[in-house]
Amino acid sequence: MLTEQAPVNSLGRHLKRTRGRRLRRVMLDLGLTCPNRDGVRGRGGCIYCDVSGSGTGAMKARIPLEEQWAEGLQRAQRGVKEGPSAIVYFQSYSSTYPSLLPLQQGLETAKQWADDAPIVAIGTRPDCFTPEAAALMASAKDTFEEVWLELGFETADDAVQKRIERFDTLENFHKACALAHEYGLSIVAHCIDGLPGEKPGGLLRQMNEIKKAGVHGVKFHQLMVLRKTKLAAQWIQGDIELQAAADYIQHVADALEVLPQEIVIHRLAAEASAGELLAPQEWPSYKQLHGAIENEMRRRGRVQGARA
Ligand code: SF4
């Protein structure tokens, strides 16, 4: 699975190996909401989520899907001579909530882009992933070669879910993964290291659950304080302690050691624009962080899955 030089089964390496090329996600916004914003689970969202629902906010800016796609595709095609270059990514908020109609229409529109984008990825919360949503996503397999369900997992501890005002559960995560397996969907789980209230070893506990759930891909994120979030107010008041980059690097390297090699690592760290990011400011750039984690694996003489 991994070459001697590659300590991580990164998405780039995986795509190169399986398709002979890299593909870039084109982020699309369906203009939806989230049960954690509209009052069904909570109001105002998870403490770290900004007003765009961790997405582009394009639909609120009245940018139609076709325009969002055309702009994103241009970026994805940079340096690509011919053939596919993109992944259609319905990213913002919970793409399956409150109704499946926008996603259904979005997928219908996206069909025409399948030559450029053989993969479609759809983000949602475990508690918003119903059998109807699973069936809709599975139907996209008629057009796209792969359909990925991107699930916000974030913590294996339900008490932390409450502390971060997310109000989902570990049980819902496992139920959503079981449903995805039933419908033949690939699961990409989003994990966060450094959440307030998380006890030591939080990322390793997430890895244990990910292995149990048969997840296919993982995205690692560090906790970032973005402007216009509840977390920003808590951080300014001094209620939030952010971990050091050195600790994050160690935690992700520990997590990679226990993750089986066949699990694809879609991200080693999160990114935010300078305008959005309040803290931490002193961390290395995304690229440097990525390199530092791979270097730490090399320093340890370990590859992903060494202790799986
Ligand atoms: S579940 Fe996602 S979209 Fe909803 S508030 Fe939390 S981070 Fe934002």
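Two residues count as in contact here if their C-beta atoms, placed from the backbone, lie within 7 Å. The model is predicted: local features need pLDDT of at least 70, side-chain atom pairs count only at pLDDT 80 or more, and totals for chains, interfaces and linings use all residues. Residues are numbered from 1 along each chain as its sequence is written.

**View 1. Helix α7 and what its buried side packs against.** The buried residues of α7 pack against β4 (146-154), α6 (170-182), β5 (186-193), β6 (217-222) and α9 (245-258). Helices (H or I, at least four residues) and strands (E, at least two) are DSSP runs, numbered from the N terminus. Buried means that 20 or more other C-beta atoms lie within 10 Å of a residue's own; exposed means 12 or fewer, and partly exposed is in between, with C-beta atoms placed from the backbone. For α7, the buried set is G202, L203, Q206, M207, I210 and A213. They cover an arc of only 140° around the axis, which puts them on the same side of α7. That arc is taken from the directions from the helix axis to the C-beta atoms. An α-helix has 3.6 residues a turn, so residues three or four places apart point the same way. As for length, the twelve residues of α7 (202-213) should span 16 Å at 1.5 Å a residue, and the end C-alpha atoms are 17 Å apart, which agrees. The expected span is 1.5 Å times one less than the number of residues. G214 follows the helix, with a positive phi near 70°.

**View 2. Helix α6, a partner of α7.** Here F173, A176, C177 and A180 are the buried residues. Their arc around the axis is only 100°, which puts them on the same side of α6. They pack against α4 (131-139), β4, β5 and α7. On the face turned away from that buried side sit the exposed E171, A178 and E182. The 13 residues of α6 should span 18 Å at 1.5 Å a residue; the end C-alpha atoms are 19 Å apart, which agrees. Just after the helix, G184 takes a positive phi of about 70°.

**View 3. The seven-stranded sheet.** This open sheet runs β1-β2-β3-β4-β5-β6-β8, with parallel pairing. At its edges stand β1 (24-28) and β8 (264-267), each with a single partner strand, so one side of each is left without a neighbour in the sheet. Neighbouring strands are turned by 25° against each other on average, direction ignored. Axes behind such angles are lines fitted to C-alpha atoms, for helices over the stretch in contact, and angles run from 0 to 180 degrees between N-to-C directions. Strands pair if DSSP finds at least two bridges between them. Parallel β6 and β8 are joined by three bridges, and V218 has I265 in β8 as its bridge partner.

**View 4. Strand β2, covered on both faces.** Five of the five residues of β2 are buried, so the strand is largely enclosed by the rest of the structure. A86, V88 and F90 are on one side, with I87 and Y89 on the other. Five bridges join β2 to the parallel β1, where L28 stands opposite F90. Four bridges pair β2 with β3, again in the parallel sense, and F90 stands opposite I122 there. Helix α3 (101-110) lies across β1, β2 (86-90) and β3 (119-124), running at about 165° to β2.

**View 5. The core around V88.** The largest nonpolar core has 85 residues, and V88 and V120 have the most contacts inside it. A nonpolar core is a set of buried Ala, Val, Leu, Ile, Met, Phe, Trp, Tyr and Cys residues joined through C-beta atoms within 7 Å. Helix α9 gives the most to this core, with six residues. Leaving aside neighbours within four places in sequence, V88 is in contact with V26, L28, A110, W113, A117, V120 and A121.

View 6. Most residues other than glycine have a negative phi, and most peptide bonds are trans. E154, in strand β4, is not a glycine, yet its phi is positive at about 75°. With 26 C-beta neighbours inside 10 Å, E154 counts as buried. F167, in the loop between α5 (158-163) and α6, also is not a glycine and has a positive phi of about 60°. With 16 C-beta neighbours inside 10 Å, F167 counts as partly exposed. The peptide bond from Y97 to P98 is cis, with omega near 5°.
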